[in-house]
Amino acid sequence: MKTLLFVTGGRGGSDFFQGLLDGHSQILQFPGELRINKDFQEMISLDAPDQISKRFINLYPYYFDSRIGHGRFERHHRLGKKKNKFYKVNKKKFVKNFSKLMNKKENLSKIEIIKSLHIAYSLAKGEKKCEKKVLFIHTHLVSWTKEFIKIVNPKNTSIIHIIRHPLASINSPIKTWLTYNDGNGFFPQDLHFQLDLVFNAIFDLMKLKKVYIIQYEKVHWENRRIMKDFCKIFKLKYEKCLKSSTKFGLQWWGDRASQRWISGVNKNFRINIDKSYFFNRDLKFFQFLALRIIKYYNYDFMFPSKKIYFNFLPMKCELLVWKNSFKHLRWKQIFSIPVFYLIRILLINKFTMQNKKLPYSIGSKKSMVK
């Protein structure tokens, strides 16, 4: 069984794309991201099957009742056409199924244990046994993906990284997290994380495994082409479910951070930049740094090309984040302002951008290099 690790870009529609795979008869997956942290590592290292499955339930409670915890943020409790549906999975059946699977074999590898957790979950939610060809794991962050590969060391594995236009990938998380919950979780370190994600994530992931790119906008504009090529690459059947984003077969409306109700594939999707978060020189600087990504993945240039190797002056988004730090009186974040300002100047500039060959974009017209 092929393992696919799925990694997001800046507000790149990772949950939206995962929802397109919901219900596919040959794909095995959980309904959300898998946090690869210390708790996960401890769980996967336990000996007794009951200990592993029960710890898993404690770590991911919303997988079993979407009305609680992270499920509410992802709006998994507001599913369906009337936004009034949710899902539950029987915990006892899950534990029982997992124990049966584990007792059939001895000395299972960590990836086999993870696969068994997926199968036990699939059976507990009522899916019939059928031949699964892909184990789809939403590791979400680059750092979690690195940890997963380090801890689990899975074979026959590729990475799918979903991206969007670089300027939109910078704009969207800044606008989203400065407005969601009054900006209570977006500070200098978080801004640096988003910038690093846009300019370095592809290359960081390429050091781990073979990487394929999914372009978020094109999943909307060219849904059939993208999903057909996805199926062709990973030897899957093209199925009707790939046309709409759902959770447990119920329409999904996007997470709470978007502050909108998003109904799925949108042929009229537009790339928008809110310039109130940037000076023009900032956007031109970002565009120049992302020149190769924009060209290779056939994105439009939003400004006339201008060479800006460094941007030493504070950017407007930085000023807004600094102001936000003072507004919430987060002293640790306030003291970090000069640190991350210096890090940005040293690490986010033309001379630190990598020049490796970029990965194939699924559904593109370019021929894929083997």
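**View 1. Phe-6 and its partner in strand 4.** Ile-160 in strand 4 is the bridge partner of Phe-6. The model is predicted; local features need pLDDT of at least 70 and side-chain atom pairs count only at pLDDT 80 or more, while totals for chains, interfaces and linings use all residues. Residues are numbered from 1 along each chain as its sequence is written, and side-chain values use heavy atoms, with hydrogens and water left out. Strand 1 (residues 2–7) pairs with strand 4 in the parallel sense over five bridges. Two strands pair if DSSP finds at least two bridges between them. Strands (E, at least two residues) and helices (H or I, at least four) are DSSP runs, numbered from the N terminus.

**View 2. Strand 4 beside strand 5.** Strand 5 (residues 210–215) and strand 4 pair in the parallel sense over six bridges. His-161 has Ile-213 of strand 5 as its bridge partner, and Ile-159 stands opposite Val-211.

**View 3. The two faces of strand 4.** In a regular strand the side chains alternate between the two faces of the sheet. Thr-157, Ile-159, His-161 and Ile-163 point one way from strand 4, and Ser-158, Ile-160 and Ile-162 point the other way. Seven of the seven residues in strand 4 (residues 157–163) are buried, meaning under 20% relative accessible area (1.4 Å probe, protein chains only), with exposed over 50% and partly exposed in between.

View 4. Five strands form an open sheet with parallel pairing, in the order 2-3-1-4-5. Strand 2 (27–28) and strand 5 stand at the edges with a single partner strand each, so one side of each is left without a neighbour in the sheet.
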